[in-house]
Amino acid sequence: MLFRSHPIGNQTIEALQTLSFAVTATDIDIPSNVLALSVNGLPDGADFDPATGQFVWIPAEAQAPGLYPVTFTATDDGVPPLSSTETLTITVTEPARPVTLAGVEISDGQFRFTFTTQPGRSYLVQAKTDLEDPVWMDVQVLPAGPTPPEFIVEIEDASTRYYRVLTLE
């Protein structure tokens, strides 16, 4: 091989977000040969400019979750032509969905609630006693599972507490 490509590596992107990177290669011959870039396995909706090596893709929601192998090739104009390839996998994850309360219960001195989840995501429960306070306290991290996670806290006094659930990446 008389030139080298610069590895990109596997990529992960959330659907509806932009993935953008440049594919580059350098000829180490003296004098240098002209290099041409090409791609195989370009996902639907993705764009690759062989003149600049720029790859851009905003995966549609319907493309998640999914794995998309893409092969980039740099070929020189030597005789015989030489080439270098890199196959990478683009992992498209589902976009984060708003957390939806599934149930609330107060019984036996406990406050408990459940909420809907997405596979592969974790959730952070936060609390505060004053809505005017800009600071939320982290209470517990709950993983997604086959059933909605359940948050339980002992009711210790009559004070008011506010809770929220954040989706973690």
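Predicted model: local features only at pLDDT ≥ 70, side-chain atom pairs only at ≥ 80, totals over all residues.

Residues are numbered from 1 along each chain as its sequence is written, and side-chain values use heavy atoms, without hydrogens and water.

**Aromatic pairs**

- Rings of Phe, Tyr and Trp (its six-membered ring) pair if their centres lie within 6.5 Å; planes under 30 degrees apart are stacked, over 60 edge-to-face, and the rest tilted.
- By this rule there are twelve aromatic pairs.
- F21 and F55 are stacked, at 4.7 Å centre to centre and 20° between the planes.
- F21 belongs to strand β3 (residues 19-22) and F55 to strand β7 (residues 54-57), so their pair ties together parts 34 residues apart in sequence; strands are DSSP runs of E, at least two residues, numbered from the N terminus.
- F21 and F55 are both buried, that is, under 20% relative accessible area with a 1.4 Å probe and protein chains only; exposed is over 50%, and partly exposed is in between.
- The F113 and Y163 ring centres are 6.2 Å apart with planes at 55°, so this pair is tilted.
- F113 is buried at 5% relative accessible area, whereas Y163 is partly exposed at 23%.
- One aromatic cluster comprises F111, F113, F115, Y123, F151 and Y163.

**D76**

- D76 lies in strand β8 (residues 66-76) and is buried, with a relative accessible area of 5%.

Methods:
Helix = DSSP H or I, 4+ residues; strand = E, 2+ residues; numbered from the N terminus.
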